[in-house]
Amino acid sequence: MNIEIERKFLMDEKKFKDFLNNPKKQTDVRVYKKLEIIQGYILKEKEKSIRIRCVFESGVPGFGIPHGDKNYLLETKTKIKGKTFSYKEESFCIIDTMFEHLLTFIPKEKIIKKTRHVLIMKDNTKFEVDFFRSPKKLVIAEAEVSKESKVLYIPPWLGKEVTGDPKYFNSNM
């Protein structure tokens, strides 16, 4: 079990792409990784969700069910009572055929496809910047923090904070 404390932001996509393409602006970044994700929700309720997910490193050709090195996961996420933006998450590895079978139960228009840029800053704050391609185009950043009261450095490519706004929950896409 993992406790995830996250804050969510809209993005200034132009500033973020400029940041990615300019190494001189990346002095605060300690680690960078780019992933492709396909996911769908089996259960979506106000306080909890169950999703399946396929995650793989970028660079794999095509983007249906990918081929190459990938992880298939079944994940649960439950809001922690009394907390503003803290969740209990559990993740279980599943086999590819189980993922593909479960995916058939999710309407095609509800399957989420996104590119994720993972940045770990020098202060150990982890940012996950998601470029959603379907079901709708959107760019969102999540900052994972160690406690809800942590003061967060806001990079110039972050936009308006939307933490807690159900409109921007993955499960509501």
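Leaving aside neighbours within four places in sequence, Lys-48 is in contact (heavy atoms within 4.5 Å) with Leu-43, Lys-77 and Thr-78. The model is a predicted one, in which local features need pLDDT of at least 70 and side-chain atom pairs count only at pLDDT 80 or more, while totals for chains, interfaces and linings use all residues. Residues are numbered from 1 along each chain as its sequence is written, and side-chain values use heavy atoms, with hydrogens and water left out. Lys-48 itself lies in strand β3, which covers residues 48-57, and Lys-48 is partly exposed, with a relative accessible area of 40%. On this scale, buried means under 20% relative accessible area, exposed means over 50%, and partly exposed lies in between, with a 1.4 Å probe and protein chains only. Although Lys-48 and Asp-69 are 21 residues apart in sequence, their C-alpha atoms are 29 Å apart in space.

The chain contains two helices and nine strands, where helices (H or I, at least four residues) and strands (E, at least two) are DSSP runs numbered from the N terminus. Read from the N terminus on, the elements follow the order β-α-β-β-β-β-α-β-β-β-β. The radius of gyration of the chain is 16 Å, close to the 16 Å that the globule rule gives for 173 residues, so the chain is as compact as a globular protein of that length; the radius is taken over C-alpha atoms, and the rule is 2.2 Å times the number of residues to the power 0.38. Along its principal axes, the C-alpha trace spans about 45 × 45 × 25 Å. Of the 173 residues, 40% count as buried, and among the contacts with a separation of 6 or more, 59% are accounted for by residues 24 or more positions apart.

When residues up to four places away in sequence are not counted, Leu-158 touches Phe-9, Leu-10, Met-11, Phe-127 and Ala-141.

Met-98 is found in helix α2, residues 96-103, and is partly exposed, with a relative accessible area of 41%. The C-alpha atoms of Met-98 and Ile-112, which stand 14 residues apart along the chain, are separated by 18 Å. Asp-165, placed in the segment after β9 (158-161), counts as partly exposed at 30% relative accessibility. Between Asp-165 and Lys-34, which are 131 residues apart in sequence, the distance from C-alpha to C-alpha is 26 Å.

The backbone at one loop position also deserves mention. Most residues other than glycine have a negative phi. Asn-124, however, has a positive phi of about 75° although it is not a glycine. Asn-124 lies in the loop between β6 and β7, and at 52% relative accessibility Asn-124 counts as exposed.
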